[in-house]
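Reader: I would like to learn how to read this model. Please take me through it feature by feature.

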Amino acid sequence: MNRRNILYWICQAGGWGLFVLGNFVIASMQEQPFGRIAVLSALIFLMGIGTTHVFRNFIKKRKWARLNIL
């Protein structure tokens, strides 16, 4: 695995991890059952990584990253 792939996975896990952590904290303040919060947080984490990974491949296949911003 090259450095770019490692960085990609670190950013994926870190970004979705922070997002899920924030949601977890907010849900905990609302006195939701811990088990339910944990399961939903894990699902959000996995679905988020899966969705953005599929979208990344979609972008790479169509070479959208090479397009001019304007």
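Reader: Is Q12 buried or exposed?

Author: Begin with the ground rules. This is a predicted model, where local features need pLDDT of at least 70, side-chain atom pairs count only at pLDDT 80 or more, and totals for chains, interfaces and linings use all residues. Residues are numbered from 1 along each chain as its sequence is written, and side-chain values use heavy atoms, with hydrogens and water left out. Now the term: buried means under 20% relative accessible area, exposed over 50%, and partly exposed in between (1.4 Å probe, protein chains only). Q12 has a relative accessible area of 8%, so Q12 is buried.

Reader: Where does Q12 lie, and which residues does Q12 touch?

Author: A contact means heavy atoms within 4.5 Å. Helices (H or I, at least four residues) are DSSP runs, numbered from the N terminus. Q12 lies in helix α1. Leaving out residues up to four places away in sequence, Q12 touches G17, I49, T52 and H53.

Reader: Which residues of α1 are buried, and what does their cover include?

Author: They are Y8, Q12, V20 and A27. Their cover includes α2, residues 34-61. Turn to α2: I37, S41, G48 and I49 are buried there. The cover of those residues includes α1.

Reader: How do I check a helix span?

Author: Take 1.5 Å times one less than the number of residues. Helix α1 covers residues 3-29, so its 27 residues should span 39 Å; the end C-alpha atoms are 39 Å apart, which agrees. For α2, with 28 residues, the reach from first C-alpha to last is 41 Å, close to the expected 40 Å.

Reader: Which residue caps the N-terminal end of α1?

Author: Polar contacts first. Each is a pair of N or O atoms within 3.5 Å; within protein, one must be able to donate a hydrogen and the other to accept it, and residues adjacent in sequence count only if both atoms are side-chain atoms. The cap is N2: a side-chain oxygen lies 3.1 Å from the backbone nitrogen of R4.

Reader: What should I look for in phi?

Author: Most residues other than glycine have a negative phi. E31 is not a glycine, yet its phi is positive, about 60°. E31 sits in the loop between α1 and α2. With 73% relative accessibility, E31 counts as exposed.

Reader: Which residue with a positive phi follows α2?

Author: K63, with phi near 55°. K63 is not a glycine either. K63 lies in the segment after α2. At 48% relative accessibility, K63 counts as partly exposed.

Methods: Helix = DSSP H or I, 4+ residues; strand = E, 2+ residues; numbered from the N terminus.
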